[in-house]
Amino acid sequence: MIKEASVNSFQSLGGGYAKDNWKVFYKGEVVKEASANSFKYTGNGYAEDTWRSFYKGRAMGR
């Protein structure tokens, strides 16, 4: 269970990623740079939102 997550909107995305309506998480830690509205897991540790790409929970930029 992730303390900072909203139970009502929590979704497991795979690859260690999860999100709720407001925050994105990687292995239980908040990914501060990520936008929950557009965040999606793309596979093999990679994910993206509208502004950035991520690898294993860390922003890579664009």
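Two residues are in contact when they have heavy atoms within 4.5 Å of each other. Keep that cut-off in mind for the tour. The structure is a predicted model, in which local features need pLDDT of at least 70 and side-chain atom pairs count only at pLDDT 80 or more, while totals for chains, interfaces and linings use all residues. Residues are numbered from 1 along each chain as its sequence is written, and side-chain values use heavy atoms, with hydrogens and water left out.

**The whole chain**

Show the chain as a cartoon. There are zero helices and eight strands, where helices (H or I, at least four residues) and strands (E, at least two) are DSSP runs, numbered from the N terminus. The chain has a radius of gyration of 10 Å, close to the 11 Å that the globule rule gives for 62 residues, so it is as compact as a globular protein of that length. That radius is taken over C-alpha atoms, and the rule is 2.2 Å times the number of residues to the power 0.38. Along the principal axes, the C-alpha atoms fill a box of roughly 30 × 20 × 15 Å.

Of the 62 residues, 35% count as buried. Buried means under 20% relative accessible area, exposed over 50%, and partly exposed in between (1.4 Å probe, protein chains only).

**Ser6**

Select Ser6, in the segment before β1 (11–14). Is this residue buried or exposed? Ser6 counts as buried because its relative accessibility is 18%. Leaving out residues up to four places away in sequence, Ser6 touches Asp20 and Trp22.

**Strand β2**

Move to Ala18, which lies in strand β2. Its relative accessible area is 6%, so Ala18 is buried. With residues up to four places away in sequence set aside, Ala18 touches Phe10, Gln11, Ser12, Leu13, Lys23, Val24 and Phe25. Draw a distance from Ala18 to Ile2: the two are 16 residues apart in sequence and 9.9 Å apart in space, C-alpha to C-alpha.

Next select Lys19, also placed in strand β2 (residues 17–19). Lys19 counts as buried because its relative accessibility is 12%. Beyond residues up to four places away in sequence, Lys19 touches Ser9, Phe10, Gln11, Leu13, Val24, Phe25, Ala36, Asn37 and Phe39.

Apart from neighbours within four places in sequence, Ala36 is in contact with Lys19, Asp20, Asn21, Trp22, Lys23 and Val24.

Which residues make up the largest nonpolar core? Select these nine: Tyr17, Val24, Tyr26, Val31, Ala34, Ala36, Phe39, Ala47 and Phe54. Such a core is a set of buried Ala, Val, Leu, Ile, Met, Phe, Trp, Tyr and Cys residues joined through side-chain atoms within 4.5 Å. In soluble globular proteins, nonpolar side chains tend to be buried together.

Most residues other than glycine have a negative phi. The last two stops differ from this.

Select Lys27 in the loop between β3 (24–26) and β4 (29–30). Phi of Lys27 is near 50 degrees, a positive value in a residue other than glycine. Lys27 is exposed because its relative accessible area is 63%.

Finish at Asn44, in the loop between β5 (40–43) and β6 (46–48). Asn44 is not a glycine, yet its phi is positive, at about 55 degrees. With a relative accessibility of 69%, Asn44 counts as exposed.
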